[in-house]
Number of protein chains: 2
Amino acid sequence: MPVPASLDAILRPRSLAVIGASSRADSLSGRLLGNLLAGGYTGTVYPINPKATSVGSLACYPNLRALPGPLDLAVVMVPRDAVLPAIDECLAVGVGGLVVITAGFREGGEAGAALERAARARVRAAGVRMVGPNCMGVINTDRDVRMDASFTPAPALPGAVAFASHSGALGVAMLEAARDVGLGFSQFVSLGNSADVDVNDLLEAWERHEATRVIMLYLESLPEPERFLALARRIGRTKPIVVFKGGRTAAGQRAASSHTGALAAGDVAVDALLRQAGVLRAATLEEMFGLALALAGCPSPRGRRVAVVTNAGGPAIAATDALSGQGLAVAALAPATERALREFLPPEAAVADPVDMLPSATPDNFRQAVELVLADDGVDAALTITVTPIVVTPLAIAGGIAAARPPAGKPVLSVFMTAPSFFAEAHSIPGLPPLFRYPEAAVAALAGVVRHAERAAAPATDAEPITMRRSEIVERAVRRGPGYLPPAEAFAVLEEAGIAVAPFRVIAEPAQVAVAAAAVGYPVVLKAFGAALVHKSELGAVALALGDEAALAAALAAMAARLDAAGVRPDGYLVQRQIEDGREAILGITRDPAVGPLVMAGLGGVAVEVWHDVSFRVAPITEADAQAMLAELRGAALLDAFRGRPAGDVAALERALVRLAALAAVHPEIVECDVNPVLVLDAGRGCVAVDARVRIA
Amino acid sequence: MPVPASLDAILRPRSLAVIGASSRADSLSGRLLGNLLAGGYTGTVYPINPKATSVGSLACYPNLRALPGPLDLAVVMVPRDAVLPAIDECLAVGVGGLVVITAGFREGGEAGAALERAARARVRAAGVRMVGPNCMGVINTDRDVRMDASFTPAPALPGAVAFASHSGALGVAMLEAARDVGLGFSQFVSLGNSADVDVNDLLEAWERHEATRVIMLYLESLPEPERFLALARRIGRTKPIVVFKGGRTAAGQRAASSHTGALAAGDVAVDALLRQAGVLRAATLEEMFGLALALAGCPSPRGRRVAVVTNAGGPAIAATDALSGQGLAVAALAPATERALREFLPPEAAVADPVDMLPSATPDNFRQAVELVLADDGVDAALTITVTPIVVTPLAIAGGIAAARPPAGKPVLSVFMTAPSFFAEAHSIPGLPPLFRYPEAAVAALAGVVRHAERAAAPATDAEPITMRRSEIVERAVRRGPGYLPPAEAFAVLEEAGIAVAPFRVIAEPAQVAVAAAAVGYPVVLKAFGAALVHKSELGAVALALGDEAALAAALAAMAARLDAAGVRPDGYLVQRQIEDGREAILGITRDPAVGPLVMAGLGGVAVEVWHDVSFRVAPITEADAQAMLAELRGAALLDAFRGRPAGDVAALERALVRLAALAAVHPEIVECDVNPVLVLDAGRGCVAVDARVRIA
């Protein structure tokens, strides 16, 4: 297969053919041609239609061989069954790239899916990239390209946001809404069925695209999650990536015989991947939009202290509540700033943050106040809030805010609670900050700006996840076939991976328990095991805290009698040193059908069963990932010094987690693993796996 | 004091004087007069200004005595220091009610606060009601009144929502935004400083006001919380009450020497009150708005099953995710419904819920699809989603949706992801459902409609909170002065209240412990107590599980030696029966400065300390409140059958909680109480308080 070509032929074509151009202006192709012409496309457009001589004033060509010059991009809009021949024709004339608008492929059943596979095979064999099928086109607002090959009802403003969407209709709707708040786009790609080009290709292209400073993604799936993870981690440090993932609940519940599997249901895998990738995940479409708007319009602040400048108290209170809810801080203004504000504001105005200038505030009051609070060393960002003033117009206030000259690196966001017509008019004011309708939405967006700034400023962790050789034990088990590893093998796999295990002996004959116990050291735990003993505790197949040989013998006799009465024959017995006084944790592995191997950390016992206090990542993970996972646990305090007890060996638990993830990454055959409990000893003393179940697919 | 008059003179005046009317049209009073005239006020307006003969074409009067007829309402806009004389003049001519617009009172310092107190005293003495001061006016859109005595820049549409706001500017901004989506108001009251009329007065008025079907409140404080609770509980069953409470974090942390006190910080008291009141609490201003819009425009559905009808897949996925997040369900359509949809939709359309009719969907497709899904017995409500269609206009689609005839009791909400100009034009289409810009906002609003429907349909619980006589023990303690009750008294107060306590004896002399232990029965717990022993466990002043007299004697000797070594002299010893095998819970009392006595329930130990898994209500509470409190705990499963253990006696814990709340309600002097732990025994065996601390202020 040839090396994949760049996307330049698709996003920066010097010539473009619309294959299947209709002469009707209100047809789909007529709209696309209209957008190309209205947008002032700098290349040459060739309509292709064997039955017409001209289309919308453009000379029309019967086929690609008739074109007067070379062809970079073909936009294919012919009926579905004519798409493959059209692609063949394109490849025959040496087209640079393809955008297939036509629908009815994978989304429409098996016949369409077969056609889609055939289309992909042909373009891949030719080393030509293809967007679509079933898409709504592409846009590039670069001044030297100006290509709107889409169906957007209103042209996209040029700007800093590159936008890819798995849903074409949603993409077009977002472009339309964006105009209203002055949000501009560098490029837009409707991915459609992503038969060839997908989001990862665009991430690579946008990393190098200078006009693109913010990346916005509407995703319904996450193809090639490992590649996404690597790209997003790298690119997101300089160009913030905003992601809305649709279909949170689509994955549904998966069959789960392990804790880890049961807890990984639903959205957990995608959430883990997106956290790990460090992207800004939007909870709603509106939030995605607000994040992109703020990131495109704001410099990166140096801290979290926000000054609110308002002409109305109520919305400022809502903003203050939201700041605190988002982990940002209401700035404490310096006395000098308060004095300077007092000089020009009426005596009834409030000059502590929030600065409430009352409804009588003028445009120039807003300008001065924004400049003053941002000149304060204790302020990292400003939020202005304007309700429709009584004397001047909201547009005049917007002019005042736009005239403010904030210091470098101090963002401003503006809320206008006013008539909607304001927005359509305001965005043409040069220098106006990103505009929001409600204070809470602005604060959520500002929080995203701050999170990105903090990520960009943090030292790059170059640490790679550790790698591990494949385990001989697992290899052998795979050859035996699916099922649970016997306990001795499960423990041995963990030990090989570098995870400490409580000393144990496995014996087949009850007569050997005393010798085994002497070898591991008292007190011991006695466990019967076997295929019929998956739920050990219910059958009384576990005996704890056996302090000496007599207690062990008694427990063994009672256990054997119980199992016998239940008609259960154990495969053998495990004698294990009882570990005293550790904090219970659980580590685990599961496998997500879309994302692949996941590793889990949680606090043991009730914490995991009742509070579901667990954290997931995609394996393998770095030490930093492991740290973040444990820090995310709501009950993380239980691992620290707590109730007079010293801190637990969190570092050891992190190392065990990194190693378990490496084990998961190198063994796709391990589909489930619960290490439960892992006992975390006092700091410096390590952590010890006490029970482990490993299932091979 | 005379019985407070109704608010009719303020909200339905037949005559209205504007005191301080300026002859300048762009003055504040000029705007208010302009709104009155533009709105077609059905009564008579009298401008009052001693220096003008006419104001805005209206004859002007020098003072109230010069008026030709009786005066219902005076709108006072004179400078602050002229307000009290103006009120006096109003009262002298027998005015029916007052709206004081003028600012500079309580919000501006002590001089203003004193004037405000004086104003309140005068109107209360006269039995005349007053709105304000420092407010933005009142509106009543009743056809026979049509009074807009406010500064709203665009007139409010008539409608079903009554709106009160502690922030005038915010209120006016919301009225303006409401026009854009066609949301209409029955009445609006800007409460200002609420020197006299407050939100509870309006709740009472709106309960009786026929045109008002939905109540929307922007609150910055909760005056008279008990009255609010009683009113909201009653009225909210028929007229949904939507509340946004600003200032969540203002209360800050209060000094807390008890668990209950520490956990009650911040927003907890208000949240408890609003839950108890059964109102719909909005998390953001935008959500408040969406809830009011949906409640005003929708009938109450009979269930939670929602059908989504869309012309774009992406936003429908976002809607589906949101439905599941809000506890609503994507309806499963009947095969007959799917067949009927299939008959008129193209083959590529999806006819299972969500019904994706593709971008080519026509207005009539929307009409038919909405009617079909709502005719399905498995569907309780419909959500339509439209992105800008390619061939027809969004307005045409809106017309199709408006033409649909849904069956009674089946709400429809509509999302239009399209250019903002659509909204300004759409809301004049008769029969159009409530309009939203994003699917998630529509789903959140629909969830509120469902919650209200469920509340309205639930059988009214007429149960009153139990009442309790004041405790002699507490009375005596109050006479002694502030501090902790000695343990015997704390336990006795609980027992008096009907809360079971583990058998105990308190002794002053170590020599008596054996007799005490024999009386309560072994095993026992031994605790030393006294003012110097607040942190018992740190001084080793608690010994558990003493099985016989020898163990008790040994523990006592060791404890006495430890305390002696630490230089601590206990006031005495408590010997208590050790309760085996209960589930640990915590109950408590604290007192919120704004809301009053709060009662808390939580699970004991780590659950409360690490997970903060607690629930609060305002005391007293009903059995239903207690049930809801325990059900709210994230770890509620721990009280049920769990890990092979039978269910705990939850009913007994609920009874104890109701009784503790009654104790709190009747004793304002109890400022803190932790009953920690309460051990919940197996079902039928009750629950037992094992330790209790009670602090008297």
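**Cavity and sheet, term by term**

Author: The largest cavity holds about 70 Å³ of space. This model is predicted: local features need pLDDT of at least 70, side-chain atom pairs count only at pLDDT 80 or more, and totals for chains, interfaces and linings use all residues. Residues are numbered from 1 along each chain as its sequence is written.

Reader: What makes a space a cavity?

Author: On a 1 Å grid over the protein atoms alone, a cavity is a set of points where a 1.4 Å probe fits but cannot get out. Its volume is the space filled by probe spheres set on the points, which are joined across faces, edges and corners. The whole structure has 2 cavities of 30 Å³ or more.

Reader: Which residues line the largest cavity?

Author: Lining residues have an atom within 4 Å of a point. Among them are Pro359(A), Ile390(A), Phe151(B) and Glu176(B). Helix H5 (residues 168-180) of chain B gives the most, with 4 residues. Helices are DSSP runs of H or I, at least four residues; strands are runs of E, at least two.

Reader: How do you know that strands E22 and E24 of chain B are edges?

Author: Two strands pair if DSSP finds at least two bridges between them. The order in this open sheet of 4 strands is E22-E25-E23-E24 (chain B), with antiparallel pairing. E22 (504-507) and E24 (542-546) of chain B each have a single partner strand, so one side of each lacks a neighbour in the sheet.

Reader: How many bridges join E22(B) to E25 of chain B?

Author: There are 4, and the two strands run antiparallel. They therefore count as paired, given the threshold of at least two bridges. Ile507(B) stands opposite Tyr573(B) in E25(B).

Technical notes:
Chains are lettered from A and ligands numbered from 1 in the order in which they are written. Side-chain values use heavy atoms; hydrogens and water are left out. On a 1 Å grid over the protein atoms alone, a cavity is a set of points where a 1.4 Å probe fits but cannot get out, and a pocket is an open set with protein on both sides within 12 Å along at least five of seven lines; lining residues have an atom within 4 Å of a point.
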